[in-house]
Amino acid sequence: MREFRYERPSTVAEAISAVAGDPDADFLAGGTTEVDLMKDGVFHPDLLVDITRLPLRGVRKNGTMLQVGALTTMEELAADRTLIERAPFVREALLLGASTQLRNMATIGGNLLQRTRCRYFRDPAVPACNKREPGSGCEAVASVARMHAILGASRDCIALHASDLAVALVALDAVVHLQSEDGERTVPLTQFYLMPGDTPNRENVLRHGELITAIDLPLPPEGIRSTYLKVRDRASYEFALTSAAVALTMDGSVITEARIAMGGVGTIPWRGFEAEEVLRNAPATPDAFRSAAEGMIHDPYVVPGTAFKVELAKRTLVRALTEVTS
Ligand SMILES: Cc1cc2nc3c(=O)[nH]c(=O)nc-3n(C[C@H](O)[C@H](O)[C@H](O)COP(=O)(O)OP(=O)(O)OC[C@H]3O[C@@H](n4cnc5c(N)ncnc54)[C@H](O)[C@@H]3O)c2cc1C
Ligand code: SF4
């Protein structure tokens, strides 16, 4: 049993100041990632700053934007009428994640910052994990790896980014609002996450003491065809082996605009700019879908346990595209 301090401030400034003032302090939202890691002995904070009383909860439509407070729960966002009507694939991504109980606790900010499910990262008895202990090596590369990444991976780390929501939001070009003692800034979600490179312990551009206050979701045009397809080992309460967020605008049988991102494949939520380019102004045909999938999954980094994902990911995207255009 390790002791830690706990504070529950009521203003954003107090919360930021409390975490910024202690290098071993962290924010606590729904706790569904944070407390798990503490119980597993992976994370040992000196101070937990509970942010659940901060006024950062709720969803508001502002013109062509949906502004989501960072403390909005996954269930609350999934129930929002505008989201259901204008970006149903985001709702699907939310509801295909975790369980109802978890989604009622888990916040949108916390979801975007959840840690990898790599079993070696979550087991402190395993000494080699560059994400936990920089410079110690990567057990997953040399051992059994299955729920791991094939894109953006390296011999230093093949940990998968686990959030379903982040995949849908990357496709939507969501923007994250951040606040720290230095002021406020915004970062496009496509630039928020960092690939492991030789610093797998750094996962995003967030600085210590910086708080996610809100996320802007640009609403896609009315009439888009979209889906979030999640392929997994069992039908519920399971992380993705592969997943695809697809949002298309069509003119007859021609795709005029495409938004594509994939999960289960990348060290970060993987936006498919090349696949989108292939599909833009292309007819909705099996050949076009397969070309898009080839553009999406190229130069994979595989270990024996993840090699199956290359073809599975391509087929996942082809199936998602086929479903939305049928
Ligand atoms: C059994 C299980 C199954 C799951 N299945 C899925 C799944 O299928 N798909 C999926 O996407 N997710 C899944 N999850 C993950 C779940 O969605 C996340 O644990 C949850 O969204 C985290 O939100 P939270 O509010 O509980 O965050 P917390 O656990 O409180 O925090 C997580 C991290 O974010 C930081 N943080 C939180 N809020 C902020 C903020 N506003 N600003 C700055 N830092 C912040 C915390 O300091 C911490 O480091 C699963 C989790 C469990 C336990
Ligand atoms: S894949 Fe990354 S998180 Fe997993 S053991 Fe290797 S370094 Fe650690």
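Reader: Starting with Tyr 193, is that residue buried or exposed?
Author: Tyr 193 has 8% relative accessibility and so counts as buried, a word used for residues under 20% relative accessible area, with exposed meaning over 50% and partly exposed lying in between (1.4 Å probe, protein chains only). This is a predicted model, in which local features need pLDDT of at least 70 and side-chain atom pairs count only at pLDDT 80 or more, while totals for chains, interfaces and linings use all residues. Residues are numbered from 1 along each chain as its sequence is written, chains are lettered from A and ligands numbered from 1 in the order in which they are written, and side-chain values use heavy atoms, leaving out hydrogens and water.

Reader: And what about Phe 192, buried or exposed?
Author: Phe 192 is at 0% relative accessibility, so this residue counts as buried.

Reader: How are the rings of Phe 192 and Tyr 193 placed?
Author: Rings of Phe, Tyr and Trp (its six-membered ring) pair if their centres lie within 6.5 Å, with planes under 30 degrees apart called stacked, over 60 edge-to-face and the rest tilted. By that rule there is one aromatic pair. The ring centres of Phe 192 and Tyr 193 are 5.1 Å apart and the planes stand at 85 degrees, so the pair is edge-to-face.

Reader: Changing topic, how many residues of helix 9 are buried?
Author: In helix 9, residues 164-171, eight of the eight are buried, so the helix is largely enclosed by the rest of the structure; among them are Asp 164, Leu 165 and Val 170. Helices (H or I, at least four residues) and strands (E, at least two) are DSSP runs numbered from the N terminus.

Reader: What happens at the start of helix 9?
Author: There, a side-chain oxygen of Ser 163 comes within 3.3 Å of the backbone nitrogen of Leu 165. After helix 9 comes Asp 173, with a positive phi near 60 degrees.

Reader: Which residues are closest to ligand 1?
Author: The closest are Phe 27, Thr 32, Thr 33, Thr 107 and Asp 164, out of 32 residues that surround ligand 1, each having a heavy atom within 4 Å of the ligand.

Reader: Where do Phe 27 and Thr 32 lie relative to its oxygen atoms?
Author: A backbone N or O atom of Phe 27 lies 2.5 Å from an oxygen atom of ligand 1, and a polar side-chain atom of Thr 32 lies 2.7 Å from an oxygen atom of ligand 1. The protein covers 94% of the 980 Å² of accessible area that ligand 1 has on its own (Shrake-Rupley method, 1.4 Å probe).

Reader: Which strand gives the most to the shell?
Author: Strand 2 does, with three residues.

Terms used: Polar contact = N/O pair within 3.5 Å; in protein donor to acceptor, adjacent residues only side chain to side chain.
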